[in-house]
Amino acid sequence: MGAREADRGRPAEIVAREVQQRTAEQMFKVLGELKGGAMKLGQAMSVFESALPEEIARPYRAALTKLQEAAPPMPSRTVHAALEERLGPDWPELFQEFEDKPAAAASIGQVHRAVWHDGRTVAVKVQYPGAGEALLSDLNQLSRFARVLGPLVPGLDVKPLIAELRERVAEELDYELEAASQRIHAEEYAQDTEIVVPEVVHQSDQILITEWLEGVPLSEVIADGTQEERDRAGQLLARFLFSGASRTGLLHADPHPGNFRLLTGDAPDGPPERWKLGVLDFGSVNRLPGGLPEPIGIALRMALEGDAAGVYELMRGEGFVKPTIELDPDDLLDFLLPMLEPAQVDAFLFDRQWLRSQAARMADRHSPVYELGNQLNLPPAYLLIHRVTLSTIGVLCQLGATVRMRDELEAWVPGFAVDPESEDRAEEDAKEGLAADAGAEAAEGAEEEPEAAETSA
C-alpha cells in the first residue's frame, strides 16, 4: 500500500506532521552529505528550524548546526596547489605558520588558520576548485525539489529562496567583491565598541586572507550558552542587521550562525555589556546606498499606530498589493500585527514557540490569513531584505534571546521613529494655522461690527 493510500481517512494534522517528518529525513540526509548548492540551501534553511514542530526539529538540530560550521574538507595537496597557483610558488614564505587542517569549511571554500609574515594570525579562505559550476548545478537540481521541500517549513516558499540563492552565487564566488565589502565594514566599525569586523590582509583570485577572529561561534551559544550570552548576542545581531545598511550602504545577506562570534575578551564572566559581536563572511551583501528603504519604517510605524488605511496605501504604492487586488485594510493590519509583536514592547523574548505559532498561522489553508497572504506580492527590491530579516528572526529564536527590538528600529530604520524636527515643524504649522484662523475670525468680526453699530443706531 502506498503512502498516499495509507494516509486516506486519517486526521489531516497527523498526515501533515508525518509528511514533514519524511521530508525532513530525506532532505537532511542529502544536505548532510553534499557541499555546494545543497550546503548553501541547508545553511539558508537551517535558520528556519525554529519554526518546525519540536518532535521533528529536535533530531535534526545537531545536523543543522553542523551544516552551519563544517563541510567535508579538501585534501591538503589540493589546498597547496590552489595557494601556489594564486599566490605563487613561494607562497609558504608569506606565512610564518600554516595549518593544513581547515578550521572551518562551507559551501564555497574552506578556511585555514595561519600566521602571516608580519606576525598577525589570519584566516585564509581558499575557494573550492570548480565551486561555481558545482553550486549552479546543485541549485538547479534542488529547484526541481522545491515542491517536495515546501512541507518542511510551513509558510516558507522554497522556490524563490533557491532562485535568489542562485542569483547570489556569482557574487559569493568573487573574492575581490567580498574583500571590498569587508573593507567597507571594517573601516566603518573600526572604532565601534560592540561590533568587530576583521580587516582584509590580502586578496587574490579565489584566495581571501583576513585577520583571525577569536570567539565563541554563535552555534555554540545556541547549543549551550547562558541566558546572558544569548540575550547579548541577540541584541548585537539585531543591532548589526539594522545598523549595517545605514552605516555602510550594505546589508550583510548571509546571517546564519556560522558567520558570527560572541567575543567575551577579557570579561568572559561579564558584564555582558563588554561582550562584542564578531562578524564574518561578506560574500553576500545587498547594496542599499540609502540604507533600508524608508517605506519599511513608515509602514511599521503606521501599523503599530493602527493606521490601517495608511499601511494599505503605502503597501499598494510599493507593490506589495498589486493594482488588480483589492484587500480590506483592517484585514491587512490584522495579518501584519502578530508578526510585529517584537516591536510593540520594550523587550521581546524570541523563542521557538512564538515562531512556530507564526508559521502555523501562515500555513493554515482554512484560515483567512492564508488566503490574504497568498494575495500579497513581494517586490524584487524587497526580496533579499525580506529573506535576511526572516533569517535573523530565525537565529534570534534559536538563541531564545530577549531583545529590545524597538530600540534598534528607532535608531536605524528610516521612517520608523518620527523625526523630531518634522514634529516641531508640524507643531509650528499647526500653531500658525490656528493663529491664521484666529486672525481671520478677528478680521471677520471687525468687518461685522460697523454693521451692528449702524443697525443699533
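Predicted model: local features only at pLDDT ≥ 70, side-chain atom pairs only at ≥ 80, totals over all residues.

**Entry 1: a glycine in a strand**

I started at Gly-278, which sits in strand 11, residues 276–279. Helices and strands here are DSSP runs, H or I over at least four residues for helices and E over at least two for strands, numbered from the N terminus. Residues are numbered from 1 along each chain as its sequence is written, and side-chain values use heavy atoms, with hydrogens and water left out.

Is Gly-278 buried or exposed? It counts as buried, at 0% relative accessibility. The scale I use is buried under 20% relative accessible area, exposed over 50% and partly exposed in between, with a 1.4 Å probe and protein chains only. I then listed what Gly-278 touches, leaving out residues up to four places away in sequence: Val-196, Leu-213, Asn-259, Phe-260, Arg-261 and Leu-263. Contact means heavy atoms within 4.5 Å. I also checked Gly-278 against Leu-237: they are 41 residues apart along the chain, with 9.5 Å between their C-alpha atoms.

Gly-270 and Pro-271 are joined by a cis peptide bond, with omega about 5°. Pro-271 is in the loop between strand 10 (260–263) and strand 11.

Asp-281 has a positive phi, near 60°, without being a glycine. I found Asp-281 in the loop between strand 11 and strand 12 (285–287). Gln-206 is another non-glycine with positive phi, near 70°. Its loop runs between strand 6 (200–204) and strand 7 (207–211), and Gln-206 is partly exposed, with a relative accessible area of 23%.

Next I looked up Arg-287, which is in strand 12. Arg-287 is partly exposed at 37% relative accessible area. Setting aside neighbours within four places in sequence, I get contacts from Arg-287 to Glu-171, Leu-177, Ser-181, Gly-249 and Leu-250. Arg-287 and His-252 are 35 residues apart in sequence and 9.2 Å apart, C-alpha to C-alpha.

Gly-225 is in the loop between helix 10 (218–224) and helix 11. With a relative accessible area of 15%, Gly-225 is buried. Not counting residues up to four places away in sequence, Gly-225 touches Glu-220 and Arg-230. Gly-225 and Leu-399 are 174 residues apart in sequence, yet 8.4 Å apart in space, C-alpha to C-alpha.

**Entry 2: the cores**

Leu-399 came up again here: in the largest nonpolar core, of 67 residues, Phe-350 and Leu-399 touch the most other members. Helix 17 provides the largest share of this core, nine residues. For a nonpolar core I take buried Ala, Val, Leu, Ile, Met, Phe, Trp, Tyr and Cys residues joined through side-chain atoms within 4.5 Å.

Phe-350 touches Pro-342, Ile-393, Leu-396, Cys-397, Gly-400, Ala-401, Val-403 and Met-405, not counting residues up to four places away in sequence. Apart from this core I found another, of 25 residues, including Met-74, Ala-82, Ile-108 and Ile-209.

**Entry 3: the holes**

How many cavities of 30 Å³ or more are there in the whole structure? My search gave four. A cavity is a set of points on a 1 Å grid over the protein atoms alone where a 1.4 Å probe fits but cannot get out, and lining residues have an atom within 4 Å of a point. Points are joined across faces, edges and corners, and volume is the space filled by probe spheres set on them.

The largest cavity holds about 70 Å³. Its lining includes Leu-237, His-252 and Phe-260. Helix 11 (227–248) gives the most to that lining, with five residues.

Terms used
1 Å grid on protein atoms, 1.4 Å probe; cavity = no way out; pocket = protein on both sides within 12 Å on 5 of 7 lines; lining within 4 Å.
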